[in-house]
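Please look over the sequence and the model shown below before reading on.

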Amino acid sequence: MKSTEPHIFVIFGASGDLTRRKLIPAVFELYKSGYLPDDFALLGVSRSKLSDEQFRHQVLESNEHIESGAETDRQKAAFAERLFYEAIDTKEVADYQRVVSRLSELEQRFGTAGNIIFYLSTPPFLYDVIPARLAEVGLHRQENGWRRLVIEKPFGADLASARNLNASLKRNFDESQIYRIDHYLGKETVQNLLVTRFANGIFEPLWNRNYVHHVQVTSAEPFGVGGRGGYYDTSGALRDMLQNHLMQVVAHVAMEPPVDASADAIRAEKSKLFRSLRHLDPSDFRTDAIRGQYTSSMVRGEKVNGYRDEEGVPDDSKTETYAALKFYIENWRWSGVPFYVRTGKRLPTRVAEIVVTFKRPPQALFRDAHGMFDENNQLIMRIQPDEGLLLSFGMKVPGEGFNVTKVGMDFHYKDLCEDDVPAAYERLLLDAMKGDPTLYAHGDSVEYCWEFVDPIVDAWKNDPDLPVYGYPAGTWGPEAADDMISPEAMTWRNPCRNLTADLTYCEL
Ligand code: BG6
(Lines give C-alpha, C1' and ligand atoms only; values in the text may rest on other atoms or scores of the structure.)
Protein backbone atom coordinates (compact mmCIF):
# COMPACT_ATOMS: atom_id res chain seq x y z
CA MET A 1 0.00 0.00 0.00
CA LYS A 2 1.41 3.39 -0.93
CA SER A 3 1.92 5.47 2.19
CA THR A 4 2.65 9.17 2.34
CA GLU A 5 5.83 11.06 3.11
CA PRO A 6 6.72 11.82 6.74
CA HIS A 7 4.98 14.96 7.98
CA ILE A 8 3.24 16.80 10.79
CA PHE A 9 -0.44 17.57 10.30
CA VAL A 10 -1.36 20.80 12.10
CA ILE A 11 -5.03 21.65 12.66
CA PHE A 12 -5.91 25.25 13.52
CA GLY A 13 -9.35 25.32 15.15
CA ALA A 14 -8.61 21.95 16.73
CA SER A 15 -11.17 22.26 19.51
CA GLY A 16 -13.96 22.95 16.99
CA ASP A 17 -16.78 20.82 15.71
CA LEU A 18 -15.30 19.99 12.29
CA THR A 19 -12.17 18.55 13.88
CA ARG A 20 -14.22 16.12 15.97
CA ARG A 21 -16.83 15.33 13.35
CA LYS A 22 -14.73 14.97 10.23
CA LEU A 23 -10.99 15.60 10.45
CA ILE A 24 -9.85 13.32 13.27
CA PRO A 25 -12.15 10.44 12.15
CA ALA A 26 -10.73 10.79 8.61
CA VAL A 27 -7.07 10.90 9.73
CA PHE A 28 -7.71 7.95 12.03
CA GLU A 29 -9.24 5.96 9.17
CA LEU A 30 -6.16 6.72 7.06
CA TYR A 31 -4.00 5.55 9.95
CA LYS A 32 -5.96 2.31 10.28
CA SER A 33 -5.76 1.66 6.56
CA GLY A 34 -1.98 2.07 6.57
CA TYR A 35 -1.88 5.27 4.53
CA LEU A 36 -0.10 7.38 7.13
CA PRO A 37 3.68 7.28 7.24
CA ASP A 38 5.41 5.83 10.28
CA ASP A 39 6.93 9.26 10.82
CA PHE A 40 3.75 11.16 11.52
CA ALA A 41 2.41 13.46 14.23
CA LEU A 42 -0.68 15.63 14.53
CA LEU A 43 -0.67 18.94 16.37
CA GLY A 44 -3.98 20.56 17.31
CA VAL A 45 -3.88 24.33 17.78
CA SER A 46 -6.71 26.40 19.22
CA ARG A 47 -7.53 29.01 21.80
CA SER A 48 -9.04 26.61 24.43
CA LYS A 49 -6.66 25.58 27.16
CA LEU A 50 -6.21 21.83 26.84
CA SER A 51 -3.41 19.43 27.69
CA ASP A 52 -2.30 16.79 25.16
CA GLU A 53 -4.24 14.25 27.22
CA GLN A 54 -7.43 16.30 27.25
CA PHE A 55 -7.18 16.88 23.50
CA ARG A 56 -6.73 13.16 22.83
CA HIS A 57 -9.72 12.38 24.98
CA GLN A 58 -11.91 15.04 23.35
CA VAL A 59 -11.21 14.28 19.71
CA LEU A 60 -10.38 10.60 19.78
CA GLU A 61 -11.28 8.59 22.84
CA SER A 62 -14.71 10.12 23.52
CA ASN A 63 -15.58 10.89 19.92
CA GLU A 64 -18.96 9.44 18.96
CA HIS A 65 -18.00 9.80 15.28
CA ILE A 66 -15.39 7.10 15.73
CA GLU A 67 -16.68 3.62 16.29
CA SER A 68 -15.35 1.51 19.14
CA GLY A 69 -14.57 -2.17 19.50
CA ALA A 70 -11.62 -4.09 20.92
CA GLU A 71 -9.45 -3.81 17.80
CA THR A 72 -10.33 -0.16 17.15
CA ASP A 73 -9.65 0.72 20.80
CA ARG A 74 -6.20 -0.80 20.55
CA GLN A 75 -5.53 1.22 17.39
CA LYS A 76 -6.92 4.36 19.01
CA ALA A 77 -4.50 3.99 21.91
CA ALA A 78 -1.52 3.71 19.51
CA PHE A 79 -2.77 6.61 17.37
CA ALA A 80 -3.35 8.81 20.45
CA GLU A 81 0.40 8.80 21.13
CA ARG A 82 0.87 10.84 17.95
CA LEU A 83 -1.65 13.54 18.92
CA PHE A 84 -0.51 16.77 20.58
CA TYR A 85 -2.01 20.11 21.41
CA GLU A 86 -0.90 23.73 21.79
CA ALA A 87 -3.17 26.54 23.03
CA ILE A 88 -2.47 29.92 21.42
CA ASP A 89 -4.20 33.14 20.55
CA THR A 90 -4.13 32.76 16.78
CA LYS A 91 -4.01 36.53 16.27
CA GLU A 92 -0.91 37.02 18.44
CA VAL A 93 2.31 36.66 16.50
CA ALA A 94 4.30 36.07 19.72
CA ASP A 95 2.27 32.91 20.39
CA TYR A 96 3.43 31.40 17.09
CA GLN A 97 6.93 31.03 18.53
CA ARG A 98 5.44 28.34 20.75
CA VAL A 99 4.09 26.59 17.64
CA VAL A 100 7.57 26.81 16.07
CA SER A 101 9.17 25.22 19.16
CA ARG A 102 6.53 22.52 19.40
CA LEU A 103 6.92 21.67 15.73
CA SER A 104 10.67 21.35 15.94
CA GLU A 105 10.32 19.16 19.05
CA LEU A 106 7.89 16.89 17.17
CA GLU A 107 10.08 16.89 14.09
CA GLN A 108 13.03 15.62 16.15
CA ARG A 109 10.96 13.04 17.93
CA PHE A 110 9.06 11.63 14.95
CA GLY A 111 11.56 12.29 12.14
CA THR A 112 9.05 14.23 10.04
CA ALA A 113 11.71 15.79 7.80
CA GLY A 114 10.37 19.35 8.07
CA ASN A 115 7.21 18.55 6.08
CA ILE A 116 4.11 20.25 7.46
CA ILE A 117 0.45 20.57 6.47
CA PHE A 118 -1.43 23.46 8.06
CA TYR A 119 -5.18 22.85 8.03
CA LEU A 120 -7.34 25.89 8.73
CA SER A 121 -10.56 24.73 10.32
CA THR A 122 -11.29 28.13 11.86
CA PRO A 123 -13.81 30.92 11.36
CA PRO A 124 -13.15 32.46 7.92
CA PHE A 125 -11.96 35.81 9.27
CA LEU A 126 -8.78 34.00 10.36
CA TYR A 127 -7.97 32.70 6.85
CA ASP A 128 -5.70 35.59 6.05
CA VAL A 129 -4.53 36.15 9.63
CA ILE A 130 -3.09 32.68 10.34
CA PRO A 131 -1.13 32.28 7.06
CA ALA A 132 0.34 35.76 7.52
CA ARG A 133 1.39 34.93 11.09
CA LEU A 134 2.88 31.61 9.95
CA ALA A 135 4.93 33.55 7.40
CA GLU A 136 6.08 36.03 10.03
CA VAL A 137 7.72 33.18 11.96
CA GLY A 138 9.08 31.61 8.75
CA LEU A 139 6.80 28.57 8.72
CA HIS A 140 5.82 29.11 5.08
CA ARG A 141 9.39 28.55 3.78
CA GLN A 142 10.11 25.30 2.00
CA GLU A 143 13.88 25.23 2.46
CA ASN A 144 13.68 22.39 4.92
CA GLY A 145 10.79 20.16 3.79
CA TRP A 146 7.49 21.11 2.16
CA ARG A 147 4.71 23.31 3.58
CA ARG A 148 1.07 23.07 2.52
CA LEU A 149 -1.94 25.09 3.53
CA VAL A 150 -5.44 23.55 3.45
CA ILE A 151 -8.36 25.98 3.71
CA GLU A 152 -11.97 25.10 4.45
CA LYS A 153 -14.88 26.77 2.74
CA PRO A 154 -16.28 29.42 2.59
CA PHE A 155 -13.59 30.82 0.36
CA GLY A 156 -14.69 34.45 0.47
CA ALA A 157 -18.21 35.75 0.94
CA ASP A 158 -18.31 37.43 -2.47
CA LEU A 159 -16.04 38.18 -5.40
CA ALA A 160 -14.20 41.05 -3.71
CA SER A 161 -13.45 39.12 -0.52
CA ALA A 162 -12.40 36.00 -2.48
CA ARG A 163 -9.99 38.12 -4.53
CA ASN A 164 -8.60 39.76 -1.40
CA LEU A 165 -8.16 36.39 0.25
CA ASN A 166 -6.35 34.93 -2.77
CA ALA A 167 -4.09 37.97 -2.93
CA SER A 168 -3.35 37.84 0.77
CA LEU A 169 -2.50 34.12 0.69
CA LYS A 170 -0.30 34.52 -2.35
CA ARG A 171 1.78 37.17 -0.62
CA ASN A 172 3.42 34.35 1.34
CA PHE A 173 2.39 31.06 -0.23
CA ASP A 174 2.64 29.85 -3.80
CA GLU A 175 -0.57 28.60 -5.51
CA SER A 176 1.00 25.12 -5.51
CA GLN A 177 1.08 25.20 -1.69
CA ILE A 178 -2.58 26.22 -1.31
CA TYR A 179 -5.29 23.53 -1.11
CA ARG A 180 -8.83 24.97 -1.11
CA ILE A 181 -11.01 22.15 0.08
CA ASP A 182 -14.44 21.51 -1.43
CA HIS A 183 -15.62 18.27 0.11
CA TYR A 184 -17.93 17.55 -2.85
CA LEU A 185 -14.83 16.92 -4.94
CA GLY A 186 -13.83 14.21 -2.49
CA LYS A 187 -17.01 12.26 -3.17
CA GLU A 188 -16.24 9.16 -5.23
CA THR A 189 -19.29 9.74 -7.37
CA VAL A 190 -18.26 13.27 -8.32
CA GLN A 191 -14.83 12.00 -9.36
CA ASN A 192 -16.50 9.19 -11.22
CA LEU A 193 -18.17 11.71 -13.51
CA LEU A 194 -14.82 12.19 -15.22
CA VAL A 195 -14.28 8.45 -15.53
CA THR A 196 -17.79 7.84 -16.86
CA ARG A 197 -17.30 10.51 -19.48
CA PHE A 198 -13.70 10.00 -20.49
CA ALA A 199 -13.02 6.29 -19.96
CA ASN A 200 -15.89 5.26 -22.22
CA GLY A 201 -16.49 5.78 -25.88
CA ILE A 202 -20.27 5.66 -25.72
CA PHE A 203 -21.23 8.77 -23.78
CA GLU A 204 -18.97 11.51 -25.10
CA PRO A 205 -20.20 11.53 -28.71
CA LEU A 206 -23.66 12.40 -27.35
CA TRP A 207 -22.42 14.85 -24.72
CA ASN A 208 -23.17 18.11 -26.51
CA ARG A 209 -25.81 20.50 -27.81
CA ASN A 210 -26.71 18.21 -30.72
CA TYR A 211 -28.05 15.47 -28.45
CA VAL A 212 -28.52 16.90 -24.96
CA HIS A 213 -31.80 18.67 -24.32
CA HIS A 214 -30.94 20.02 -20.86
CA VAL A 215 -29.04 19.16 -17.69
CA GLN A 216 -30.33 19.21 -14.11
CA VAL A 217 -28.28 19.15 -10.93
CA THR A 218 -30.15 18.70 -7.66
CA SER A 219 -28.88 18.63 -4.11
CA ALA A 220 -31.69 18.21 -1.61
CA GLU A 221 -31.51 17.96 2.16
CA PRO A 222 -34.39 16.99 4.45
CA PHE A 223 -33.02 18.77 7.51
CA GLY A 224 -33.11 22.44 8.40
CA VAL A 225 -30.21 24.62 9.51
CA GLY A 226 -30.11 23.04 12.99
CA GLY A 227 -27.77 24.89 15.32
CA ARG A 228 -26.06 26.72 12.44
CA GLY A 229 -28.69 29.45 12.05
CA GLY A 230 -26.25 32.24 12.98
CA TYR A 231 -23.76 31.28 10.26
CA TYR A 232 -26.34 30.22 7.71
CA ASP A 233 -28.26 33.45 7.87
CA THR A 234 -25.19 35.36 6.68
CA SER A 235 -24.72 32.90 3.84
CA GLY A 236 -27.86 31.32 2.32
CA ALA A 237 -28.18 28.41 -0.08
CA LEU A 238 -26.60 30.16 -3.05
CA ARG A 239 -23.33 30.81 -1.26
CA ASP A 240 -23.39 27.81 1.08
CA MET A 241 -23.90 25.11 -1.59
CA LEU A 242 -24.33 26.41 -5.11
CA GLN A 243 -21.37 28.74 -5.66
CA ASN A 244 -18.94 26.04 -4.60
CA HIS A 245 -20.13 22.40 -4.41
CA LEU A 246 -22.70 22.43 -7.19
CA MET A 247 -20.68 24.57 -9.59
CA GLN A 248 -17.83 22.08 -9.16
CA VAL A 249 -20.25 19.32 -10.10
CA VAL A 250 -21.35 21.32 -13.16
CA ALA A 251 -17.69 21.63 -14.17
CA HIS A 252 -17.21 17.86 -14.01
CA VAL A 253 -20.31 17.32 -16.13
CA ALA A 254 -19.57 19.98 -18.71
CA MET A 255 -15.78 20.47 -19.02
CA GLU A 256 -13.82 19.48 -22.12
CA PRO A 257 -11.55 16.42 -21.97
CA PRO A 258 -8.24 17.35 -20.32
CA VAL A 259 -5.00 16.66 -22.20
CA ASP A 260 -4.07 14.14 -19.52
CA ALA A 261 -5.24 13.16 -16.04
CA SER A 262 -2.87 15.50 -14.20
CA ALA A 263 -4.05 18.08 -11.70
CA ASP A 264 -2.92 20.97 -13.93
CA ALA A 265 -4.72 19.65 -16.99
CA ILE A 266 -8.00 18.93 -15.18
CA ARG A 267 -7.99 22.21 -13.32
CA ALA A 268 -7.21 24.13 -16.52
CA GLU A 269 -10.30 22.65 -18.21
CA LYS A 270 -12.46 23.49 -15.23
CA SER A 271 -11.25 27.08 -15.27
CA LYS A 272 -12.09 27.31 -18.97
CA LEU A 273 -15.57 25.99 -18.29
CA PHE A 274 -16.18 28.53 -15.53
CA ARG A 275 -15.00 31.29 -17.84
CA SER A 276 -17.60 30.17 -20.39
CA LEU A 277 -20.57 30.60 -18.04
CA ARG A 278 -23.01 33.10 -19.46
CA HIS A 279 -23.74 35.50 -16.63
CA LEU A 280 -27.43 36.03 -15.96
CA ASP A 281 -28.79 39.30 -17.18
CA PRO A 282 -30.56 41.30 -14.43
CA SER A 283 -33.72 41.08 -16.54
CA ASP A 284 -33.57 37.25 -16.10
CA PHE A 285 -33.33 37.33 -12.31
CA ARG A 286 -37.09 37.16 -11.82
CA THR A 287 -37.50 33.98 -13.88
CA ASP A 288 -34.09 32.27 -13.89
CA ALA A 289 -32.91 32.79 -10.30
CA ILE A 290 -35.51 31.59 -7.81
CA ARG A 291 -35.06 31.69 -4.07
CA GLY A 292 -37.22 30.26 -1.33
CA GLN A 293 -37.35 29.88 2.44
CA TYR A 294 -38.96 26.99 4.29
CA THR A 295 -41.98 27.67 6.41
CA SER A 296 -43.37 25.67 9.31
CA SER A 297 -45.23 22.54 8.34
CA MET A 298 -46.18 19.01 9.35
CA VAL A 299 -43.68 16.48 7.99
CA ARG A 300 -44.59 12.83 8.43
CA GLY A 301 -46.90 13.69 11.29
CA GLU A 302 -44.46 15.96 13.10
CA LYS A 303 -44.48 19.72 13.31
CA VAL A 304 -41.34 21.22 11.82
CA ASN A 305 -40.15 24.77 12.48
CA GLY A 306 -40.01 27.35 9.76
CA TYR A 307 -36.60 28.87 9.00
CA ARG A 308 -37.42 32.10 10.83
CA ASP A 309 -38.17 30.09 14.00
CA GLU A 310 -34.71 28.50 13.99
CA GLU A 311 -32.19 29.50 16.65
CA GLY A 312 -29.99 32.42 15.59
CA VAL A 313 -32.24 33.45 12.67
CA PRO A 314 -33.90 36.90 12.75
CA ASP A 315 -37.72 36.95 12.57
CA ASP A 316 -37.67 38.95 9.37
CA SER A 317 -34.80 37.10 7.66
CA LYS A 318 -34.91 37.02 3.86
CA THR A 319 -32.05 34.52 3.60
CA GLU A 320 -32.78 31.78 1.08
CA THR A 321 -32.78 28.14 2.17
CA TYR A 322 -33.55 27.13 -1.43
CA ALA A 323 -31.94 28.40 -4.62
CA ALA A 324 -32.50 27.37 -8.23
CA LEU A 325 -30.76 28.82 -11.27
CA LYS A 326 -31.18 28.37 -14.99
CA PHE A 327 -28.15 29.32 -17.04
CA TYR A 328 -26.21 28.62 -20.21
CA ILE A 329 -22.62 27.75 -20.99
CA GLU A 330 -21.41 29.78 -23.91
CA ASN A 331 -19.08 27.46 -25.75
CA TRP A 332 -19.05 25.26 -28.85
CA ARG A 333 -20.26 22.18 -26.97
CA TRP A 334 -23.07 23.61 -24.84
CA SER A 335 -24.42 26.68 -26.62
CA GLY A 336 -28.24 26.74 -26.24
CA VAL A 337 -28.45 23.87 -23.71
CA PRO A 338 -30.07 25.03 -20.45
CA PHE A 339 -28.51 23.96 -17.16
CA TYR A 340 -30.82 23.89 -14.13
CA VAL A 341 -29.18 23.73 -10.73
CA ARG A 342 -31.03 23.71 -7.42
CA THR A 343 -30.39 23.09 -3.76
CA GLY A 344 -32.51 23.37 -0.66
CA LYS A 345 -32.95 22.52 2.98
CA ARG A 346 -36.11 20.88 4.35
CA LEU A 347 -36.91 19.20 1.06
CA PRO A 348 -38.52 15.74 1.11
CA THR A 349 -35.33 13.64 1.11
CA ARG A 350 -31.55 13.68 1.07
CA VAL A 351 -30.34 13.24 -2.44
CA ALA A 352 -27.79 14.69 -4.85
CA GLU A 353 -27.82 13.78 -8.51
CA ILE A 354 -27.28 14.92 -12.07
CA VAL A 355 -29.81 14.29 -14.80
CA VAL A 356 -28.75 14.57 -18.42
CA THR A 357 -31.87 14.61 -20.57
CA PHE A 358 -31.31 13.74 -24.23
CA LYS A 359 -33.38 15.09 -27.08
CA ARG A 360 -36.40 13.15 -28.27
CA PRO A 361 -36.12 11.05 -31.40
CA PRO A 362 -37.06 13.17 -34.41
CA GLN A 363 -40.12 11.07 -35.17
CA ALA A 364 -42.62 9.54 -32.73
CA LEU A 365 -43.30 6.17 -34.32
CA PHE A 366 -44.55 4.02 -31.48
CA ARG A 367 -47.34 4.06 -28.93
CA ASP A 368 -47.21 3.96 -25.18
CA ALA A 369 -50.07 3.82 -22.68
CA HIS A 370 -50.76 7.53 -23.24
CA GLY A 371 -50.50 7.70 -27.00
CA MET A 372 -47.35 8.15 -29.03
CA PHE A 373 -44.16 7.30 -27.14
CA ASP A 374 -41.84 10.28 -27.40
CA GLU A 375 -40.06 10.20 -24.03
CA ASN A 376 -36.63 11.69 -23.68
CA ASN A 377 -33.85 9.36 -22.69
CA GLN A 378 -32.23 10.30 -19.41
CA LEU A 379 -28.92 9.45 -17.82
CA ILE A 380 -29.05 9.90 -14.06
CA MET A 381 -25.80 10.06 -12.17
CA ARG A 382 -26.48 9.65 -8.49
CA ILE A 383 -23.99 11.35 -6.16
CA GLN A 384 -25.69 10.23 -2.93
CA PRO A 385 -27.27 8.11 -1.51
CA ASP A 386 -27.62 4.81 -3.41
CA GLU A 387 -24.67 5.96 -5.52
CA GLY A 388 -24.83 4.79 -9.10
CA LEU A 389 -25.99 5.39 -12.65
CA LEU A 390 -29.39 4.90 -14.27
CA LEU A 391 -30.13 5.09 -17.97
CA SER A 392 -33.77 5.27 -18.96
CA PHE A 393 -35.12 4.41 -22.37
CA GLY A 394 -38.10 2.89 -24.19
CA MET A 395 -38.63 -0.87 -24.74
CA LYS A 396 -41.29 -2.82 -26.53
CA VAL A 397 -43.98 -4.33 -24.33
CA PRO A 398 -44.13 -8.03 -25.22
CA GLY A 399 -47.19 -8.92 -27.27
CA GLU A 400 -48.96 -7.63 -30.30
CA GLY A 401 -48.25 -4.24 -31.88
CA PHE A 402 -45.48 -1.85 -30.99
CA ASN A 403 -46.37 -0.67 -27.52
CA VAL A 404 -43.52 0.95 -25.71
CA THR A 405 -42.74 1.31 -22.02
CA LYS A 406 -40.01 3.20 -20.20
CA VAL A 407 -37.36 0.99 -18.57
CA GLY A 408 -34.13 1.60 -16.70
CA MET A 409 -30.66 0.08 -16.80
CA ASP A 410 -28.85 0.67 -13.57
CA PHE A 411 -25.47 0.33 -11.90
CA HIS A 412 -25.01 0.67 -8.15
CA TYR A 413 -21.65 1.52 -6.64
CA LYS A 414 -22.18 -0.92 -3.81
CA ASP A 415 -21.89 -3.73 -6.37
CA LEU A 416 -18.38 -2.60 -7.24
CA CYS A 417 -16.74 -2.51 -3.83
CA GLU A 418 -17.64 -4.46 -0.74
CA ASP A 419 -16.38 -1.80 1.65
CA ASP A 420 -18.17 1.46 2.12
CA VAL A 421 -17.28 4.11 -0.42
CA PRO A 422 -14.47 6.10 1.30
CA ALA A 423 -15.57 9.31 3.00
CA ALA A 424 -14.81 12.54 1.14
CA TYR A 425 -12.53 13.93 3.83
CA GLU A 426 -10.39 10.79 3.90
CA ARG A 427 -9.76 11.00 0.18
CA LEU A 428 -9.06 14.72 0.25
CA LEU A 429 -6.74 14.65 3.25
CA LEU A 430 -4.83 11.78 1.70
CA ASP A 431 -4.41 13.79 -1.51
CA ALA A 432 -3.11 16.81 0.41
CA MET A 433 -0.66 14.51 2.19
CA LYS A 434 0.51 13.18 -1.19
CA GLY A 435 0.72 16.66 -2.68
CA ASP A 436 -1.98 16.01 -5.29
CA PRO A 437 -4.21 19.09 -5.74
CA THR A 438 -6.46 17.63 -8.48
CA LEU A 439 -9.50 17.55 -6.22
CA TYR A 440 -8.90 20.94 -4.70
CA ALA A 441 -10.29 24.17 -6.12
CA HIS A 442 -7.82 26.43 -7.91
CA GLY A 443 -7.84 30.13 -6.97
CA ASP A 444 -8.93 31.14 -10.50
CA SER A 445 -11.93 28.78 -10.49
CA VAL A 446 -13.12 30.11 -7.18
CA GLU A 447 -13.00 33.66 -8.52
CA TYR A 448 -14.80 32.75 -11.78
CA CYS A 449 -17.61 31.11 -9.80
CA TRP A 450 -17.95 34.19 -7.66
CA GLU A 451 -18.07 36.38 -10.77
CA PHE A 452 -21.02 34.31 -11.93
CA VAL A 453 -22.89 34.24 -8.62
CA ASP A 454 -22.06 37.70 -7.26
CA PRO A 455 -24.60 39.74 -9.27
CA ILE A 456 -27.37 37.41 -8.07
CA VAL A 457 -26.27 37.62 -4.44
CA ASP A 458 -26.20 41.37 -4.83
CA ALA A 459 -29.62 41.61 -6.41
CA TRP A 460 -31.17 39.33 -3.79
CA LYS A 461 -29.71 41.56 -1.11
CA ASN A 462 -30.60 44.91 -2.60
CA ASP A 463 -33.63 44.55 -4.85
CA PRO A 464 -36.76 44.42 -2.69
CA ASP A 465 -38.85 43.50 -5.74
CA LEU A 466 -37.23 40.09 -6.12
CA PRO A 467 -39.44 37.73 -4.11
CA VAL A 468 -38.39 35.18 -1.49
CA TYR A 469 -40.97 32.44 -1.97
CA GLY A 470 -42.07 30.52 1.11
CA TYR A 471 -42.31 26.74 0.72
CA PRO A 472 -43.70 24.37 3.34
CA ALA A 473 -40.98 22.26 4.97
CA GLY A 474 -40.99 18.79 3.42
CA THR A 475 -41.93 19.90 -0.11
CA TRP A 476 -39.84 20.30 -3.26
CA GLY A 477 -39.47 24.09 -2.95
CA PRO A 478 -41.29 27.02 -4.53
CA GLU A 479 -43.59 26.51 -7.50
CA ALA A 480 -41.80 29.33 -9.27
CA ALA A 481 -38.88 26.93 -9.68
CA ASP A 482 -41.18 24.54 -11.55
CA ASP A 483 -42.25 27.38 -13.82
CA MET A 484 -38.57 27.98 -14.57
CA ILE A 485 -38.23 24.59 -16.21
CA SER A 486 -41.69 24.11 -17.70
CA PRO A 487 -41.17 26.29 -20.82
CA GLU A 488 -38.86 23.51 -21.96
CA ALA A 489 -41.88 21.17 -21.60
CA MET A 490 -40.00 19.45 -18.82
CA THR A 491 -40.20 18.96 -15.09
CA TRP A 492 -37.59 18.56 -12.41
CA ARG A 493 -36.88 14.95 -11.64
CA ASN A 494 -37.90 14.89 -7.98
CA PRO A 495 -35.93 11.86 -6.93
CA CYS A 496 -36.51 9.22 -4.33
CA ARG A 497 -33.91 7.87 -1.97
CA ASN A 498 -33.52 4.78 -4.09
CA LEU A 499 -32.06 5.45 -7.52
CA THR A 500 -34.25 3.12 -9.52
CA ALA A 501 -37.60 3.96 -7.95
CA ASP A 502 -40.40 3.37 -10.33
CA LEU A 503 -43.77 5.02 -10.18
CA THR A 504 -45.13 2.62 -7.62
CA TYR A 505 -42.48 2.79 -4.92
CA CYS A 506 -40.59 5.84 -3.79
CA GLU A 507 -38.70 5.80 -0.53
CA LEU A 508 -38.06 9.27 0.88
C1 BG6 B 1 -21.73 22.04 3.55
C2 BG6 B 1 -22.81 23.05 3.78
O3 BG6 B 1 -20.66 22.61 2.85
O4 BG6 B 1 -22.26 20.95 2.79
C5 BG6 B 1 -23.99 22.43 4.51
O6 BG6 B 1 -22.30 24.13 4.55
C7 BG6 B 1 -24.48 21.21 3.75
O8 BG6 B 1 -25.05 23.36 4.67
C9 BG6 B 1 -23.32 20.27 3.44
O10 BG6 B 1 -25.44 20.56 4.57
C11 BG6 B 1 -23.78 19.15 2.52
O12 BG6 B 1 -22.78 18.20 2.40
P13 BG6 B 1 -23.13 16.65 2.18
O14 BG6 B 1 -21.81 16.00 1.99
O15 BG6 B 1 -23.85 16.21 3.42
O16 BG6 B 1 -24.01 16.60 0.98
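**From the whole chain to one residue**

The accessible surface of the chain amounts to about 22500 Å², and 50% of this belongs to carbon and sulfur atoms; such areas come from the Shrake-Rupley method with a 1.4 Å probe, and for residues only the protein chains shown count as cover. The model is a predicted one, in which local features need pLDDT of at least 70 and side-chain atom pairs count only at pLDDT 80 or more, while totals for chains, interfaces and linings use all residues. Residues are numbered from 1 along each chain as its sequence is written, and side-chain values use heavy atoms, with hydrogens and water left out.

The chain contains 14 helices and 19 strands, which are DSSP runs numbered from the N terminus (helices H or I, at least four residues; strands E, at least two). Of its 508 residues, 55% count as buried, a word that stands for under 20% relative accessible area (1.4 Å probe, protein chains only). Among the contacts in the chain with a separation of 6 or more, 76% are between residues 24 or more positions apart, where contact means heavy atoms within 4.5 Å.

The ligand is surrounded by a shell of residues that includes K153, H183, Y184, R228, D240, H245 and K345, a residue being near a molecule if one of its heavy atoms lies within 4 Å of it. This shell divides into 2 nonpolar, 3 polar and 7 charged residues; here Ala, Val, Leu, Ile, Met, Phe, Trp, Tyr, Cys and Pro count as nonpolar, Asp, Glu, Lys and Arg as charged, and the others, Gly among them, as polar. Helix α9 (residues 237-254) gives the largest share of the shell, 3 residues. An N or O atom in the side chain of K153 is 2.8 Å from an oxygen atom of the ligand, and a polar side-chain atom of K345 likewise lies 2.8 Å from a ligand oxygen atom. Taken alone the ligand exposes 400 Å², of which the protein buries 82%.

Where does H214 lie? H214 is placed in strand β7 (residues 212-220), and this histidine counts as buried because its relative accessible area is 0%. The side chain of H214 makes a polar contact of 3.0 Å with the side chain of H213 and another, of 3.1 Å, with that of Q216; a polar contact is a pair of N or O atoms within 3.5 Å, and within protein one must be able to donate a hydrogen and the other to accept it, with residues adjacent in sequence counting only if both atoms are side-chain atoms.

How values were computed: Buried < 20%, exposed > 50% of the residue type's maximum accessible area, 1.4 Å probe, protein only.
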